[in-house]
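Keep the viewer open as you read.

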Amino acid sequence: MSELLEQLASVAASGRPAALATLVAAAGATPKKAGSTMWVSEDGTPLGSVTIGGCVDTRVIERAERVIATGRPELLRMTLGDEDAWELGLTCGGEVDVLVQRVDPSSAEDPGVKAYAAARVAYEAGRASMVVARLDEGRERLAVDESGVTTGTLGDDVLDRHATDVALRRLASAQTSGVERVAIGDERTPLFFERLAPPETVVIYGASHVAISLAVFARELGMRVVVVDGRERMATRGRFPTADEIHVGMPSEIAEQLRPTKRTYVVLLAHDYKYELPVLREVLRSDAAYIGMLGSRRRGESIRSMLSDDGFTTSELSRLRTPIGLMIGAKSAAEIALAIAAEIVAVREGRDAAAARSMPNVPVPTADQREIVVG
């Protein structure tokens, strides 16, 4: 669950209003902690473990009491010295904007409660959403999920339509949280678009040496890692200490249970027809963003031919990427994993990697990866 949504649940359990502070912008640079949040209770006690940054936190706590009492959000602009800026990920001093808003979980009509409740529904359904807030005035909030469902309002129907269009564009391009000025006639209204999305997940079928390295790379990229294998001695916590989930059993049955979404990247490393074909039958017609299989072009053609006989269309079969990975001349297990991770990033960022994948077959001379070639 998103840290923000988890913390909101804790605030809701208290039944008391609190102030939510969000780092929305930084002048002159992009902070590493953009979108960071903190909660402050009525008595000034910080809630939760995530804070925006030392000196900024102090100012937020000072202002939170007034925001909670009046119900009016405030946008704080603070000038930071080099040391404080470094803490927020800026390379040098600059200005940061922090939106402080009141959230009252005891009120079903609270704009923040309604918007974040809608965001949570989308999150739990595997969809990304944007919660939009005005930075000029008002407590209104608009939640937009990637399916186009909206909840709440910014107080103006025309602004709602424009904000929805911007939110859907940002969701489609996987943009992070940020500020945009939305033009309506001669006026430009500053809005904060807060992205709340389930984490991307790499599902690895086949607990090979390549899988061990890929699991590490995927976690470094901020993705969840799920390892699936039919061999209990291979799919172990000792071999995959950073994996979020490890499943041992019939891969096709596990594939049916996992139900890939648009944020799922499926990687088949078993190099065994009896495991790969049943899994492919499950995932090729799913919403998975990426489906890659270790093997040569000839082996890939053979797999596609078998699936074609099962009724899969050319369009569906074209989703299978094999040879797998970008063209980096990979030979070792770690290099192959790096090539796969790079291709996943290229797909995530909407880059056409087809040209980079055209490399000659290169055999990998290890028992674990016999006949393996990479793209």
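With 28% relative accessibility, Gln175 counts as partly exposed, because the scheme calls a residue buried under 20% relative accessible area, exposed over 50% and partly exposed in between, using a 1.4 Å probe and protein chains only. Before going further, please note that this is a predicted model, in which local features need pLDDT of at least 70 and side-chain atom pairs count only at pLDDT 80 or more, while totals for chains, interfaces and linings use all residues. Residues are numbered from 1 along each chain as its sequence is written, and side-chain values use heavy atoms, with hydrogens and water left out.

Gln175 is found in the loop between α5 (157-172) and β9 (178-184). The helix and strand labels are DSSP runs numbered from the N terminus: helices are H or I with at least four residues, strands are E with at least two. Which residues does Gln175 contact, leaving aside its neighbours within four places in sequence? They are Met130, Arg169, Arg170 and Arg195, where contact means heavy atoms within 4.5 Å. Gln175 and Glu194 are 19 residues apart in sequence, and their C-alpha atoms are 9.8 Å apart in space.

Now zoom out. The protein has 11 helices and 16 strands, and of its 375 residues, 48% count as buried. If you take the contacts with a separation of 6 or more, residues 24 or more positions apart account for 59% of them.

Let's turn to the sheet. Strands of a sheet pair through backbone hydrogen bonds, either parallel or antiparallel. Here 6 strands form an open sheet in the order β13-β12-β11-β14-β15-β16, with parallel pairing; two strands pair if DSSP finds at least two bridges between them. The edge strands are β13 (245-248) and β16 (320-321), each of which pairs on one side only. β15 and β16 pair in the parallel sense over 2 bridges, and Gly292 stands opposite Arg321 in β16. Helix α6 packs on the sheet, where α6 touches β11, β12 and β14, and the direction of α6 makes about 175° with that of β11. For that angle, axes are lines fitted to C-alpha atoms, for helices over the stretch in contact, and angles run from 0 to 180 degrees between N-to-C directions.

Next come the rings. The structure holds 1 aromatic pair. Tyr265 and Tyr290 form this tilted pair, at 6.5 Å centre to centre and 45° between the planes. Rings of Phe, Tyr and Trp (its six-membered ring) pair if their centres lie within 6.5 Å, and planes under 30 degrees apart count as stacked, over 60 as edge-to-face and the rest as tilted. Tyr265 lies in strand β14 and Tyr290 in strand β15 (residues 290-293), so the pair ties together parts that are 25 residues apart in sequence. Tyr265 counts as buried at 3% relative accessibility, and Tyr290 counts as buried at 1%.

Two arginines sit over rings as well. Arg285 lies over the face of Phe312, 4.0 Å from the ring centre, and the charged end of Arg299 sits over the ring of Tyr273, 4.6 Å from its centre. The criterion is NZ of Lys or CZ of Arg within 6 Å of the ring centre and within 35 degrees of the ring normal.

Finally, check the backbone. A cis peptide bond with omega of about 0° joins Thr322 and Pro323, and Pro323 is in the loop between β16 and α11. Arg259, although not a glycine, has a positive phi of about 50°; Arg259 is in the loop between α7 (251-258) and β14 and counts as exposed at 64% relative accessibility. His271 is not a glycine but has a positive phi of about 55°; His271 lies in the loop between β14 and α8 (273-283) and counts as buried at 14% relative accessibility.
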